[in-house]
Amino acid sequence: MKAKKQEQEAEGKERPLRDKILRVSEFPRDVVMGMPVLNVLGQSELRLENYRGILEYTEEMVRILIKGGQIKVTGRALQVVYYTNDEMKISGYIKSIEYHH
């Protein structure tokens with residue numbers, strides 16, 4: 001429990017620094033914060049940037065590791081069309097996109 005509190009305190013100290021860097025720099029917010037960027041085209045395509053890995057992949061569900069949690073995509077005939085270190089594309093019938101922390 002003590003280690004988690006120390007970790008939260010350290011993370012809290014990093015946030016003001018990141019916020020200052022974000023304000024001063026011309027870097028996009030997603031790059032500085034490491035936040036995922038989702039581009040959704042209707043219910044048939046999802047492009048995701050800033051992910052950390054694929055945790056589970058079936059035709060009905062794709063679970064993706066992101067900073068601070070996971071994204072769960074459910075649907076039918078889901079397919080990871082491509083993935084690189086920076087971006088992935090999922091196609092098929094997308095029923096839902098959920099965030100889990």
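Let's start with one side chain: Tyr-57 is partly exposed, because its relative accessible area comes to 42%, which falls between the 20% and 50% cut-offs. Keep in mind that this is a predicted model.

Tyr-57 belongs to strand β3, which covers residues 53-57. Together with Ile-54 and Tyr-83, Tyr-57 makes a nonpolar surface patch of about 320 Å².

## The sheet as a whole

Zooming out, there are six strands in an open sheet, and the order runs β1-β2-β6-β5-β4-β3. The pairing is antiparallel. At the edges sit β1 and β3, each with pairing on one side only. From one strand to the next, the twist averages 40°.

As a reminder, strands of a sheet pair through backbone hydrogen bonds, either parallel or antiparallel.

Now for one end of the strand order. Strand β1 spans residues 37-41 and strand β2 spans residues 45-49; the two pair in the antiparallel sense over five bridges. Leu-41 stands opposite Glu-45 in β2.

## The β4-β5 pair

Further along the sheet, β4 takes in residues 61-66 and β5 takes in residues 69-83. These two strands also pair in the antiparallel sense, over six bridges.

Notes: Residues are numbered from 1 along each chain as its sequence is written. This is a predicted model: local features need pLDDT of at least 70, side-chain atom pairs count only at pLDDT 80 or more; totals for chains, interfaces and linings use all residues. Side-chain values use heavy atoms; hydrogens and water are left out. Patches are made of residues with over 30% relative accessible area and no salt bridge: like charges are joined within 9 Å, nonpolar side chains (Val, Leu, Ile, Met, Phe, Trp, Tyr) within 5 Å. Accessible areas come from the Shrake-Rupley method with a 1.4 Å probe; for residues, only the protein chains shown count as cover. A salt bridge is a side-chain nitrogen of Lys or Arg within 4 Å of a carboxyl oxygen of Asp or Glu. Helices (H or I, at least four residues) and strands (E, at least two) are DSSP runs, numbered from the N terminus. Buried means under 20% relative accessible area, exposed over 50%, partly exposed in between (1.4 Å probe, protein chains only). Two strands pair if DSSP finds at least two bridges between them. Axes are lines fitted to C-alpha atoms, for helices over the stretch in contact, and angles run from 0 to 180 degrees between N-to-C directions.
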